[in-house]
Amino acid sequence: MNSPQQLAEVLTSLRIGNQSYLLSFYEQNRDLFARWARRQHQLTPVAAHELLRTVLVKFYDQVADGRLTKLPPDVRAYVYGLADEQIRSAHTTEILPKDEAGRRQRLLRLFRQLGLDCQKMLMYFYFRGYNFEKVAGKMGFANANVARLQKAACLRKLYELRMRTEDAGR
Amino acid sequence: MTPPSFDLRPYLEELERFADGQMTPAEQAAFETRLEQDATLYQAYQAYEQLTADLRWVAGHETLHQRLVSLDRRLDQRQEALTRIRRRQRKTQQQWGAVVVVGVLALLAIWMVLRPAMPTPEATWARYYVPEAGLSDTVVNESRRPLLAEAMRQYRDGHYAPALHTLRRVPASNLGQDTLLYYSGILLLSQEEPEQFRAAQPFLRRVAMQSTSPLAGRARYHLGMAYWRNQQITAARNTLRAVANDARNPYQDAARQLLRSEALPQE
């Protein structure tokens, strides 16, 4: 995946939610990255793997929300650079103040408070774009209507969590 | 904290049905008309759109995060399995290595126990050397040659050095020159020291070269044996071959037997 055309295709497929490039990148580079992180930053393999996952998600976010419009010619060097940056910021700065945290990051934190079934359901519907019938099949529900009701309940739960957090913050 | 957002809860169900395409055509048309006319509903619709856009971002982020975690777990399991397999292979190799080493050691021990014992030079000598019988009492005639009789007695009893000493005291007029040389050689050859074997050779050689002497053939045999005992293999083989080819030599069979054996190495 090195020619400019292929890199452009990667970017397009990431934008439409095809994450397989990043998954295979992780699979191929995990051990190599862990060795680099041990030499450069004295990280254990487990910590290095976690760092690489974080960095890849960050990379994906940059593509998904349009901050990255051109895939760097050397993706590996770019990812290592992001990892360096991540470690430096972890070493030198405190956690960002609440006011500065983005709306999406807050929603992400609330999303993680939902039950696993709700998370899965909302990911199927809002990210993978499955219809209610397919969601019902994946989740083991009797029919599409049950899936619709469950999705509505999960969305309401998330929204109420957000309202509660905002009320508590006021 | 951010300013209070619009409370969607009263509108949520209706907005969801609209956004998810669950309304009938008539319901949808009515809803679209209300959206244009009802500013609060429109505000709720905007807030709902922002919420679902944010949720799509969150869902994508979280999907990737969870897929990476799950992939990581699978890779860990695969690595553990590979390590386990490699460890098992190493263990099997070590076990086989130990079996081979033990087997080799056992074979070595069996060979050490069962290998044929190498005959000692003394044993080989005793096997192939036919000693001189010595002069008989009749020939010696003790009353006439008491010292010769004494020397022969000491020779038969295995006292070779005293026998040689006694033999040297026998007057030359009492005994033929070839006989004296021959028995001097025999008595030296019968002793244990390498110097004595070497010293025996000139005596035996002189007799062997006297073709007229009846002791010449016998002396040749003992000379050949003296060479052999002194590790002069070529000389020993040539001399003994001459004995083996001599039909009149009393040691012909003994010489042939030694030449045929492996005790006398090939040239």
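This is a predicted model: local features need pLDDT of at least 70, side-chain atom pairs count only at pLDDT 80 or more; totals for chains, interfaces and linings use all residues.
Q: How do you know which part of chain B touches chain A?
A: Two residues count as in contact if their C-beta atoms lie within 7 Å, and by that test 29 residues of chain B are in contact with 34 residues of chain A. On the side of chain B that touches chain A, α1 (12-19) and α3 (39-114) of chain B each supply at least two residues, and α3(B) gives the most, with 20 residues. By class, this side of chain B has 14 nonpolar, seven polar and eight charged residues.

Q: What makes a set of residues a nonpolar core, and which residues touch the most other members of the largest one?
A: The name is given to buried residues of nonpolar kinds that are joined through C-beta atoms within 7 Å. The largest such core has 47 residues, of which A:Leu52, A:Leu56, A:Tyr60 and A:Leu122 touch the most other members. Several helices of chain A, including α2 (20-41), α3 (45-64) and α8 (144-169), each supply at least two residues of this core, as does α3 of chain B. It is α3(B) that gives the most to this core, with 10 residues. Leaving aside its neighbours within four places in sequence, A:Leu52 is in contact with A:Tyr26, A:Arg30, A:Phe33 and A:Ala83. A second, separate core of 36 residues includes B:Ala151, B:Leu181, B:Leu223 and B:Tyr227.

Q: Why are α7(B) and α8(B) called roughly antiparallel?
A: The axes of helix α7 (residues 160-168) and helix α8 (residues 177-189) of chain B come within 9 Å and cross at roughly 160°. Angles over 145 degrees count as roughly antiparallel, and the two helices are therefore roughly antiparallel to each other. The crossing in which α7(B) passes α8(B) is left-handed.

Q: Which residues meet where α7(B) and α8(B) are in contact?
A: From α7(B) come B:Tyr160, B:Ala163, B:Leu164 and B:Leu167, and these meet B:Tyr183, B:Ser184, B:Leu187 and B:Leu188 in α8(B). By class, the contact has seven nonpolar, one polar and no charged residues.

Q: Why is B:Leu264 called partly exposed?
A: A residue is buried if 20 or more other C-beta atoms lie within 10 Å of its own, and exposed if 12 or fewer do. B:Leu264 has 17 other C-beta atoms within 10 Å, and is therefore partly exposed.

Q: Where does B:Leu264 lie, and which residues is B:Leu264 in contact with?
A: B:Leu264 lies in the segment after α12 (252-260) of chain B. Leaving aside neighbours within four places in sequence, the contacts of B:Leu264 are with B:Trp228, B:Ile233, B:Ala236, B:Arg237, B:Leu258 and B:Leu259. From C-alpha to C-alpha, B:Leu264 and B:Ile233 are 7.2 Å apart in space, although they are 31 residues apart in sequence.

Q: What share of each chain counts as buried?
A: Buried residues make up 25% of the 170 residues in chain A, while 24% of the 267 residues of chain B count as buried.

Definitions and conventions. Residues are numbered from 1 along each chain as its sequence is written. Chains are lettered from A and ligands numbered from 1 in the order in which they are written. Helices (H or I, at least four residues) and strands (E, at least two) are DSSP runs, numbered from the N terminus. Ala, Val, Leu, Ile, Met, Phe, Trp, Tyr, Cys and Pro count as nonpolar, Asp, Glu, Lys and Arg as charged, and the others, Gly among them, as polar. Axes are lines fitted to C-alpha atoms, for helices over the stretch in contact, and angles run from 0 to 180 degrees between N-to-C directions. Angles under 35 degrees count as roughly parallel, over 145 as roughly antiparallel, 65 to 115 as roughly perpendicular and the rest as oblique. A crossing is left-handed if the near helix is turned anticlockwise from the far one by less than a right angle, and right-handed if clockwise.
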